[in-house]
Amino acid sequence: ALIVLIAVHSASAVDAEEAAAGAVDVMLVIDNSGSMRKNDPQFLTPKTVRAFLDRLPDNAHVGMVLFDQRARLLQPLTDLSQTDARQRLGKSLEKLDYRGKFTDSAAGIERAVYELKTAGRAHARRSIIFLTDGIVDTGDRQKDAELTRWLKADLAAECSSAHIRILGVAFTENADFPLIQVLASRTGGGYFRAT
């Protein structure tokens, strides 16, 4: 539990420092696959995300994507200076249930990129915080390999040119660390192990 908190707080500390100097837009991309039940048995992710939200300054804009076999925008980029913004984001976490059959991380990250590109502020530092316990798993190995290549090459390049950093937090040693590391290094982000 403590390691999970430290990992996400490390990511948030970076954003909090940058926020002091300017605006920050952050998309949280959260794994809702069934394997997360085993890797987060105490269901700490919602508590950790709420703690992360509490650390961000009011000039931050935050959105949330939940992914399993598909990606869902739970909350569009939301101005934290709005009266009920943190409450709405926290309420969105109630949809997290770890009942998804697959892990389509590519769909989750792509949805977050789209939100940052279409609704993000031009002057803001943009980041994706990617929380997962596994690998790309759509139930089709060939498609998984193609999506992994697409993430590492095309989407990472798109994020880099759009100045979107990806910070990955892996919950198990079974996570696709090469993928998480490539996304982090090619976008100027970082990665954390929270096993």
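Me: In which loop is the place of Thr172?
Reply: This is a predicted model, in which local features need pLDDT of at least 70, side-chain atom pairs count only at pLDDT 80 or more, and totals for chains, interfaces and linings use all residues. Residues are numbered from 1 along each chain as its sequence is written, and side-chain values use heavy atoms, with hydrogens and water left out. Helices (H or I, at least four residues) and strands (E, at least two) are DSSP runs, numbered from the N terminus. In these terms, Thr172 is in the loop between strand E5 (164–170) and H7.

Me: Does Thr172 count as buried or exposed?
Reply: Buried means under 20% relative accessible area, exposed over 50%, and partly exposed in between (1.4 Å probe, protein chains only). The relative accessibility of Thr172 is 7%, so Thr172 counts as buried.

Me: How far apart in space are Thr172 and Lys38, C-alpha to C-alpha?
Reply: In sequence, Thr172 and Lys38 are 134 residues apart. In space, their C-alpha separation is 10.0 Å.

Me: What pattern does the protein follow along the sequence?
Reply: The protein has seven helices and six strands. Read along the sequence, their order is α-β-α-α-β-β-α-α-β-α-β-α-β.

Me: Of the contacts in the protein with a separation of 6 or more, what share is between residues 24 or more positions apart?
Reply: Contact means heavy atoms within 4.5 Å. The protein has 195 residues, of which 53% count as buried. Among contacts with a separation of 6 or more, the share from residues 24 or more positions apart is 76%.

Me: How are H6 and H7 oriented to each other?
Reply: Axes are lines fitted to C-alpha atoms, for helices over the stretch in contact, and angles run from 0 to 180 degrees between N-to-C directions. Angles under 35 degrees count as roughly parallel, over 145 as roughly antiparallel, 65 to 115 as roughly perpendicular and the rest as oblique. H6 and helix H7 (residues 177–187) pack at about 20°, with axes 9 Å apart. H6 and H7 are therefore roughly parallel.

Me: How do the residues of the contact of H6 with H7 divide?
Reply: Ala, Val, Leu, Ile, Met, Phe, Trp, Tyr, Cys and Pro count as nonpolar, Asp, Glu, Lys and Arg as charged, and the others, Gly among them, as polar. On the H6 side the residues are Thr148, Leu151, Lys152, Ala153, Ala156, Cys159 and Ser160, and they meet Pro178, Leu179, Val182, Leu183, Arg186 and Thr187 in H7. The division is eight nonpolar, three polar and two charged.

Me: What is the hand of the crossing of H5 and H6?
Reply: A crossing is left-handed if the near helix is turned anticlockwise from the far one by less than a right angle, and right-handed if clockwise. The axes of H5 and helix H6 (residues 141–161) come within 11 Å and cross at roughly 15°, so these helices are roughly parallel. Their crossing is left-handed.

Me: How many nonpolar, polar and charged residues are in the contact of H5 with H6?
Reply: Ala106, Ile109, Glu110, Val113 and Lys117 in H5 meet Leu147, Trp150, Leu151, Leu155, Glu158 and Cys159 in H6. The count is eight nonpolar, no polar and three charged.

Me: Which residues is Leu116 in contact with, leaving aside its neighbours within four places in sequence?
Reply: Leu116 belongs to helix H5 (residues 105–119) and counts as buried because its relative accessibility is 0%. The C-alpha atoms of Leu116 and Ile164, 48 residues apart along the chain, are 8.0 Å apart. With those neighbours left aside, the contacts of Leu116 are Asp25, Met27, Leu77, Arg126, Ser127, Ile128 and Ile164.

Me: How are H3 and H4 oriented to each other?
Reply: The axes of H3 and H4 come within 10 Å and cross at roughly 165°. The crossing is right-handed, and Arg50, Leu53 and Asp54 in H3 meet Arg86, Leu89 and Gly90 in H4. H3 and H4 are therefore roughly antiparallel.

Me: Is Tyr98 buried or exposed?
Reply: Tyr98 has a positive phi of about 55° although it is not a glycine. Tyr98 is in the loop between helix H4 (85–92) and H5. Its relative accessibility is 1%, so Tyr98 counts as buried.
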